[in-house]
Amino acid sequence: MARVPLLPKYQQECAACHLAYPPGMLPAASWRRLMNTLPKHFGTDASLDPASVKQLADWLTANAGSYRRVREEPEQDRITRSAWFLRQHDEVPAATWRRPAIKSPANCMACHAGADRGDFDEDRIRIPK
């Protein structure tokens, strides 16, 4: 996955609540749906003003994953339900995701210390005990 410098507005708005996931992790159709449903964003109201929604949606879809691995739209547009994510993490036992320092598969920073910079290199993974 190519690293794309994060749009400051994306970093500001999205990273306030969770990792500002690299746009290449989802296909454009998934990003469009996510941006169109911000009032019900995985159980949270993440509404933004229309100009911000347009700016972020345009940037996300322009930088969305388009290579074979990411073209498939995952269930509920969740990165953690995508086929490529499940393949990459198939050796992680379910109990590991429930560890207090991890909490869920969506907490990339728990094991990938460079995730906020788009660094998911397998050689630098550290799984908390």
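Where does His112 lie relative to α5? Some friendly notes follow.

1. His112 sits in the segment after α5 (94–97); helices here are DSSP runs of H or I with at least four residues, numbered from the N terminus. Before going on, please keep in mind that this is a predicted model, in which local features need pLDDT of at least 70, side-chain atom pairs count only at pLDDT 80 or more, and totals for chains, interfaces and linings use all residues. Residues are numbered from 1 along each chain as its sequence is written, and side-chain values use heavy atoms, with hydrogens and water left out.

2. His112 has a relative accessible area of 12%, so the residue is buried (under 20% relative accessible area, with a 1.4 Å probe and protein chains only). Setting aside neighbours within four places in sequence, His112 is in contact with His89, Asp119, Phe120 and Ile125 (heavy atoms within 4.5 Å).

3. Searching the whole structure gives 3 aromatic pairs (rings of Phe, Tyr and Trp, the last by its six-membered ring, with centres within 6.5 Å; planes under 30 degrees apart are stacked, over 60 edge-to-face and the rest tilted). One of them is the tilted pair of Tyr10 and Trp59, at 5.1 Å centre to centre with 45 degrees between the planes. Tyr10 belongs to helix α1 (residues 8–14) and Trp59 to helix α3 (residues 50–62), so this pair ties together parts 49 residues apart in sequence. Tyr10 is buried at 2% relative accessibility, and Trp59 is buried at 13%.

4. Trp84 and Phe85 form an edge-to-face pair, 6.0 Å centre to centre and 75 degrees between the planes. Both residues, Trp84 and Phe85, are buried. Together with Trp97 they make up one aromatic cluster.

Notes: Helices (H or I, at least four residues) and strands (E, at least two) are DSSP runs, numbered from the N terminus. Buried means under 20% relative accessible area, exposed over 50%, partly exposed in between (1.4 Å probe, protein chains only).
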